[in-house]
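This report describes the strand pairing, the covalent link and the nonpolar packing of one protein model. The sequence and coordinates are shown first.

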Amino acid sequence: QVQLVESGGGSVQAGGSLRLSCTASGRTFSSYAMAWFRQAPGKEREFVSHIRWSGTSTTYAESVKGRFTISRDNAKNTVYLQMNSLKPEDTAVYYCAAAHRDSTTYDYWGQGTQVTVSS
């Protein structure tokens, strides 16, 4: 069982930055791929970014590429999402998720953290 807790959300003006953190319980964090998703009001949840369990590769949605950076610190059981040049359309609840090794199924989800970007 893996429990995920996000933090770091908040309100920021357009062009600003935030760093989200997601800390996992358990001693097997390094064997899980981690991802960030987001859901805006009235919209479906969408993929934002993914980092492989080994940390050797990352992927991003086109809408955030070049602005967001995902990273992980396995010693701290934490994955980060550095968000720069934020836009109002980035406003959403951000969720982290975990998938074992190279599985494409995310078995564990956090409770979400709100990010609000004002123009």
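How many disulfides does a search of the whole structure find? The search finds one disulfide, a term that stands for a pair of cysteine sulfur atoms within 2.5 Å.

The model is predicted, so local features need pLDDT of at least 70 and side-chain atom pairs count only at pLDDT 80 or more, whereas totals for chains, interfaces and linings use all residues. Residues are numbered from 1 along each chain as its sequence is written, and side-chain values use heavy atoms, with hydrogens and water left out.

**The disulfide**

The disulfide is formed by Cys 22 and Cys 96, whose sulfur atoms are 2.0 Å apart. The link of Cys 22 and Cys 96 is right-handed, with 50 degrees about the S-S bond. Because Cys 22 belongs to strand β3 and Cys 96 to strand β9, the pair ties together parts that are 74 residues apart in sequence. Strands here are DSSP runs (E, at least two residues), numbered from the N terminus. Cys 22 is buried at a relative accessible area of 0%, and Cys 96 is likewise buried at 0%. Buried means under 20% relative accessible area, exposed over 50%, and partly exposed in between, with a 1.4 Å probe and protein chains only.

**Nonpolar cores**

A nonpolar core is a set of buried Ala, Val, Leu, Ile, Met, Phe, Trp, Tyr and Cys residues joined through side-chain atoms within 4.5 Å. The largest nonpolar core has 28 residues, of which Leu 4, Met 34, Trp 36, Leu 81, Met 83 and Tyr 94 touch the most other members. Strands that each supply at least two residues of this core include β3 (18-24), β4 (32-39), β8 (78-83) and β9 (92-100). Apart from this core lies another, of five residues, among them Ala 35, Phe 37, Ala 97 and Ala 99.

Leu 4 illustrates the contacts, where contact means heavy atoms within 4.5 Å. Not counting residues up to four places away in sequence, Leu 4 touches residues including Cys 22, Met 34, Cys 96, Tyr 108 and Trp 109.

**Sheet and hairpins**

An open sheet of four strands has the order β1-β3-β8-β7, with antiparallel pairing. Two strands pair if DSSP finds at least two bridges between them. The edge strands are β1 (4-7) and β7, each of which pairs on one side only. On average, neighbouring strands of this sheet are turned by 15 degrees against each other, direction ignored; the axes are lines fitted to C-alpha atoms, and angles run from 0 to 180 degrees between N-to-C directions.

| Hairpin | Residues between the strands | Residue with positive phi | Phi |
|---|---|---|---|
| β4 and β5 | six residues | Gly 42 | near 75 degrees |
| β5 and β6 | six residues | Gly 55 | near 75 degrees |
| β7 and β8 | four residues | Asn 77 | near 55 degrees |

β7 and β8 run antiparallel and are joined by six bridges. Across this pair, Phe 68 stands opposite Met 83 in β8, and Ser 71 stands opposite Tyr 80 in β8. In a regular strand the side chains alternate between the two faces of the sheet.

β4 and β5 pair in the antiparallel sense over five bridges, with Phe 37 opposite Phe 47 in β5. β5 in turn is joined to β6 (residues 58-60) by three bridges, and the two strands run antiparallel. Thr 58 in β6 is the bridge partner of Ile 51.

**Two threonines**

Is Thr 113 buried or exposed? Thr 113 counts as buried because its relative accessibility is 11%. Thr 113 is found in strand β11, and its side chain reaches the backbone nitrogen of Gly 9 at 3.2 Å. Leaving aside neighbours within four places in sequence, Thr 113 is in contact with residues including Glu 6, Gly 9, Leu 20 and Tyr 94.

Thr 105, by contrast, is partly exposed, with a relative accessible area of 45%. Thr 105 is placed in the loop between β9 and β10 (108-109). Leaving aside neighbours within four places in sequence, Thr 105 is in contact with Ala 98 and Ala 99. The C-alpha atoms of Thr 105 and Met 34 are separated by 11 Å, the two residues being 71 residues apart along the chain.

Key
A polar contact is a pair of N or O atoms within 3.5 Å; within protein, one must be able to donate a hydrogen and the other to accept it, and residues adjacent in sequence count only if both atoms are side-chain atoms.
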